[in-house]
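Please look over the structure below with its helix packing, its metal site and a few loop residues in mind. The report takes these topics in turn.

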Amino acid sequence: MTLDPLSAFDNLKTHGRKLALLGSCSAVLGWDEQTGLPPAAANLRGDQLALLAGLRHEQITQPNYREWLEIALDSPLNRDPESDSAAILRALKRDLDRARKLPQTLVEELARTTSIAQSEWVAARAENHFNRFKPWLEKIFELKRQESACLKEGTDAASPYDPLLDEYEPGLTTQALEPMFSALKAELKPLVDQVAEHCRGKEFERILKRSFPTDRQRVFCEAAAAGVGFDFSAGRLDIAAHPFCSGFGPGDCRITTHYHETSLSDAFYGVLHEVGHGLYEQGLPADAFGTPLGESVSLGVHESQSRLWENLVGRDRGFWTYWLPIARGVFHEAFADVSLDAILSAVNVVEPSLIRIRADESTYNQHIIVRFELERDLIQGDLAVADVPAAWRDKYQALLGVTPSTDAEGCMQDIHWSAGLIGYFPTYTLGNLYAARLFQQAEHDLGDLQTAFSRGDFAGLLGWLRDRIHRHGRRFAPADLIRRAAPSAPTGHKPLIDMLRARYQRIHGI
Ligand code: ZN
């Protein structure tokens, strides 16, 4: 007997909730792996995560699920493309189409391999021993090539890198990305060179390298997080080696940071960044949890939220007009002689460097372009894993003018590849491009944001983002969502370049 469409749709929603809860359980284990797992538990955690990933995949691919979806897709529930039900069905169909192409053995093997590889990466990086990590990286890229081949079937993807990109940024292709990154690379280089030349030898950032007791940093970071709108009754801030944000579901969003006694900016801007992610997670509609309307739409859009708060808000005059007096109160002697102009110069230094997560907001994009080119070449079979360290050094020298002396501060600095996150890096720079478009539109719609920020009022901007981005979940494709949110801002790399140039001019006078 065939189900009626409404019952089929109800089944889909019940099922979706179960899937979301399984995903949430994996996220809790993943968070714990980064914040508190004993080293000897790595294999056990690998098995736990593999089991959950397998259960989840089993649920997604069970035959009844497909039948429910087909009944609902073929019913009046799918007639009006603007309706909630049609938006939900569209996203579920995309997910099912992708999942059905992947054999369960491959899904489980990837989960198991990447879990162990992450521990191996930690050890190999600590020992600066690339050959220890190499077999794991080879295995991961081999598995991701298999994944890409499965996903590519029945699509017109031109590059094996496309299906991997599409996982994080639906609709994005290598062909679209390459010219965008080239244009950005070309425009960014003279700007970076000019500002880096101005900053060289002035040691603007020295005021951020004084003694900042970590317990006070935590107080200041939490105050700023709450000040811009992060809800601590529905979230936590903990310590992990690599900062991240993980939204488990309504009422539970975890962010992490890493404190360094002699640097304020690492932890502080790390927190502002993760808070931006957290605000998005906390702004997703709770009553849509378990449906695509309760989920974030893409990594690029997610990153646009973090970059916007970290850079466009957190590095300008309004923000520090309000937070500098508070920082003086928290850090006493370390900040007693620090002026507004001094802090603004310090947080707008441009300097080519080796480590991505400590890069300034401009050269950051150059770090991303290196990773994009390498992983694209690895997936396309144009580069062997054994040649990654040398290729990395060459690209850093050519693009940033610096060469790492060890692989630990070269190709082993990021967790992403060990976690199987291939196609993920480009979304960071895409996020910068989206953020600039959104901020330009918000200024157009809301008026002078710097004055509001200088009074500690961040609610106007947050409300605007809630309305334009957060509340929609996966209702629209990422590019559509941004277009609807920022209809009068230019597309492409121009808003980012213009905004950076204008801010450096205001602050550095060049
Ligand atoms: Zn981020």
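In this predicted model, the axes of helix 1 (residues 5-35) and helix 3 (residues 63-73) come within 8 Å and cross at roughly 130°. Axes here are lines fitted to C-alpha atoms, for helices over the stretch in contact, with angles from 0 to 180 degrees between N-to-C directions; helices are DSSP runs of H or I with at least four residues, numbered from the N terminus. The angle makes helix 1 oblique to helix 3, given that angles under 35 degrees count as roughly parallel, over 145 as roughly antiparallel, 65 to 115 as roughly perpendicular and the rest as oblique. The crossing of these two helices is left-handed, a term for a near helix turned anticlockwise from the far one by less than a right angle, with clockwise giving right-handed. Helix 1 contributes Pro5, Ala8, Phe9, Asn11, Leu12 and His15 to the contact, and helix 3 contributes Tyr65, Trp68, Leu69, Ile71 and Ala72, where contact means heavy atoms within 4.5 Å. The residues of this contact divide into nine nonpolar, two polar and no charged; Ala, Val, Leu, Ile, Met, Phe, Trp, Tyr, Cys and Pro count as nonpolar, Asp, Glu, Lys and Arg as charged, and the others, Gly among them, as polar.

Helix 9 (residues 214-228) and helix 12 (residues 317-331) form another packed pair, with axes that come within 10 Å and cross at roughly 150°. The two are therefore roughly antiparallel to each other, and helix 9 passes helix 12 in a right-handed crossing. On the helix 9 side the meeting residues are Arg216, Gln217, Phe220, Ala223, Ala224, Gly227 and Val228, and on the helix 12 side they are Phe319, Trp320, Trp323, Ile326, Ala327, Val330 and Phe331. The residues of this contact comprise 11 nonpolar, two polar and one charged.

Turning to the metal site, the zinc ion is coordinated by NE2 of His273, NE2 of His277 and OE of Glu303, at 2.1 to 2.3 Å. Donors are N, O and S atoms within 2.8 Å of the metal (3.2 Å for Na, K and Ca), and sites may look incomplete because water is not among the atoms. The spacing of the donor residues in sequence is H-x3-H-x25-E. His277 belongs to helix 10 (residues 265-283) and Glu303 to helix 11 (residues 299-313), so the pair ties together parts that are 26 residues apart in sequence.

| Residue | Relative accessibility | Class |
|---|---|---|
| His277 | 9% | buried |
| Glu303 | 4% | buried |
| Asn128 | 35% | partly exposed |
| Glu203 | 44% | partly exposed |
| Pro39 | 78% | exposed |

Asn128, in the loop between helix 5 (104-127) and helix 6 (130-152), has a positive phi near 50° in a residue other than glycine. Glu203, likewise not a glycine, has a positive phi of about 55° and is found in the loop between helix 8 (174-199) and helix 9. Pro39 lies in the loop between helix 1 and helix 2 (42-61); Pro39 and Pro76 are 37 residues apart in sequence and 53 Å apart in space, C-alpha to C-alpha.

Residues are numbered from 1 along each chain as its sequence is written, and side-chain values use heavy atoms, with hydrogens and water left out. As the model is predicted, local features need pLDDT of at least 70 and side-chain atom pairs count only at pLDDT 80 or more, whereas totals for chains, interfaces and linings use all residues.

Conventions. Buried means under 20% relative accessible area, exposed over 50%, partly exposed in between (1.4 Å probe, protein chains only).
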